[in-house]
Amino acid sequence: MVDIMREDYQRVYAEVNLDAIRSNMENMKANLAQGTKMIGVIKTDGYGHGAVPLGKELEMLDYVWGFAVATAEEALLLRHAGLKKPVLILGYTFPYSYESLIREDIRMAVFRYDTLKELSETCAALKRKGVNAKAKVHVKVDTGMSRIGVTPDEKGLAFVQSAFDTENVEVEGIFTHFARADETDKSAAKKQLSAFESFLQLIKDRTGKEIPLKHCSNSAGIIELPEANMDVVRAGITLYGLWPSEQVRKDIVSLTPALSLYSHIVYIKEIEAGTQVSYGGTFTAASRMRIATIPAGYGDGYPRGLSGKGYVLVHGRRAPILGRVCMDQFMIDVTNIPEAVQGDRVTLIGQDGQEKITMEMLGEISGRFNYELACDLGKRIPRVYTKGGKILYTKDYYQDF
């Protein structure tokens, strides 16, 4: 926890600890077979943590093959920020972006014939302009997610053969995605793995070709399915020190949450018995109380589902949320924290003394998902990036026009 002195960040800010990011990657790498590379999944702006700062931190690690994102815009953002390592778009990529992506040597997932045709045509058009263009692709295989991808059978084989035969297209990789690797029972994940491995063998037997990069392990696979860690693995939620689910073992890989969220008390007042607090009067004071107002709310991505159930930390002690969380403010009980005064820092996510609040805890209380909590932290929240106990840089959208 670094003391932030910027006055314009007092309302609310998130601290992202880059030392924690690196530690999480190192600890995951220690659980992999020698030679297995890693992909940092930094889609959705690095799960709300900031894709560019995280990418810059990870790019210097020799075992990081590259990065994975969800959209063309996310991929191009990394290139425009100066990141050089490979970037893979995991989802469908729309044709409007093909020329830019090929120029920037960005990889695309393929599973539709029209994509192969249009990529080839785009490369041909670029070559006519004097650009030595080639589209590097990773074939997406659906082994049980029922989302996108070719099926691991004769139809899928025909697509892979077509990809091999398409001019200007280079099949660099092939991958699938686990739907249930984060469950205690790994039978469903192992069934997917078996289907993927059988498909890879079918491709090799029938085409005589070996696809260079094969990958299927997500965060849960990295931790608990060593047999699925192929040429590369995709580190997603665990990169940020968060757990894929409560069922994933926590004694194999040590993780440190990278993000903390802070605000400050802006007002303290005493209310009498019978006084209602916040919208709808869902909380009524049973006795005289001392309450404080925090200037953040669901407009910042702080869950409204914490209304009347969650708590924050003030001077290392729990302060319960009273009534409904508003769009921009919420109230807490500081009756039993007499030292609390206006201007005190408040921990919404993170550690203060012996107490801590994790995204998993907030998710359980609010009925939301820890992934969702991280991704939904909005643009109104500045990010402060720290390393070695010092502020490295900051990011806000105060001039976003």
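Two strands pair if DSSP finds at least two bridges between them. Helices (H or I, at least four residues) and strands (E, at least two) are themselves DSSP runs, numbered from the N terminus.

Before we go on, a word about the model. It is predicted, so local features need pLDDT of at least 70 and side-chain atom pairs count only at pLDDT 80 or more, while totals for chains, interfaces and linings use all residues. Residues are numbered from 1 along each chain as its sequence is written, and side-chain values use heavy atoms, with hydrogens and water left out.

**The whole chain**

The protein chain holds 11 helices and 21 strands. Taken along the principal axes, its C-alpha atoms fill a box of roughly 80 × 50 × 40 Å. Of its 401 residues, 54% count as buried; buried means under 20% relative accessible area, exposed over 50%, and partly exposed in between (1.4 Å probe, protein chains only). A contact means heavy atoms within 4.5 Å. Among contacts between residues at least 6 apart in sequence, 66% join residues at least 24 apart.

**An open sheet and its helices**

Now back to β7 and β8. They belong to an open sheet of eight strands with parallel pairing, in the order β8-β7-β6-β5-β4-β3-β2-β9. Its edge strands, each pairing on one side only, are β8 (213-215) and β9 (232-235). On average, neighbouring strands of this sheet are turned by 30° against each other, direction ignored. For such angles, axes are lines fitted to C-alpha atoms, for helices over the stretch in contact, and the angles run from 0 to 180 degrees between N-to-C directions.

Helix α7 (residues 154-165) lies across β5 (107-110), β6 (135-140) and β7, at about 145° to β7. Helix α8 lies across β7 and β8, and runs at about 150° to β7.

**Two residues in one loop**

The loop between β7 (169-175) and α8 contains T176. T184 is found in the loop between β7 and α8 as well. Are they buried or exposed? T176 counts as buried because its relative accessibility is 1%. T184 is exposed, because its relative accessible area is 57%.

Which residues does T176 touch? Not counting residues up to four places away in sequence, they are K140, V141, D142, T143, Q192, F196, H215, C216 and R234. The side chain of T176 also reaches the backbone oxygen of V141 at 2.7 Å. As for T184, its C-alpha atom is separated by 9.7 Å from that of S245, 61 residues apart along the chain.

**Nonpolar cores**

A nonpolar core is a set of buried Ala, Val, Leu, Ile, Met, Phe, Trp, Tyr and Cys residues joined through side-chain atoms within 4.5 Å. The largest one has 122 residues, and M25 and I332 have the most contacts inside it. Helix α8 (residues 187-207) gives the largest share of this core, six residues. A second, separate core has seven residues, among them I271, M289, I291 and L322. Leaving out residues up to four places away in sequence, I332 touches several residues, including R290, V312, V314 and L322.

**A hairpin**

V312 and V314 sit in strand β15 (residues 311-314) and point one way, while Y311 and L313 point the other way, and all are buried. β15 pairs with strand β16 (residues 317-322) in the antiparallel sense over four bridges. The bridge partner of L313 in β16 is R318. Two residues lie between the strands of this hairpin, where H315 takes a positive phi near 50°.

**Cysteines and one more loop**

How many disulfides are there, taking a disulfide as a pair of cysteine sulfur atoms within 2.5 Å? The count comes to zero.

| Residue | Relative accessible area | Class |
|---|---|---|
| C123 | 0% | buried |
| C326 | 13% | buried |
| G343 | 47% | partly exposed |

G343 has its place in the loop between β17 (330-333) and β18 (345-352). Apart from neighbours within four places in sequence, G343 is in contact with H264 and I265. The C-alpha atoms of G343 and Q10 are separated by 8.8 Å, although these residues are 333 apart along the chain.

Technical notes:
A polar contact is a pair of N or O atoms within 3.5 Å; within protein, one must be able to donate a hydrogen and the other to accept it, and residues adjacent in sequence count only if both atoms are side-chain atoms. A disulfide is a pair of cysteine sulfur atoms within 2.5 Å.
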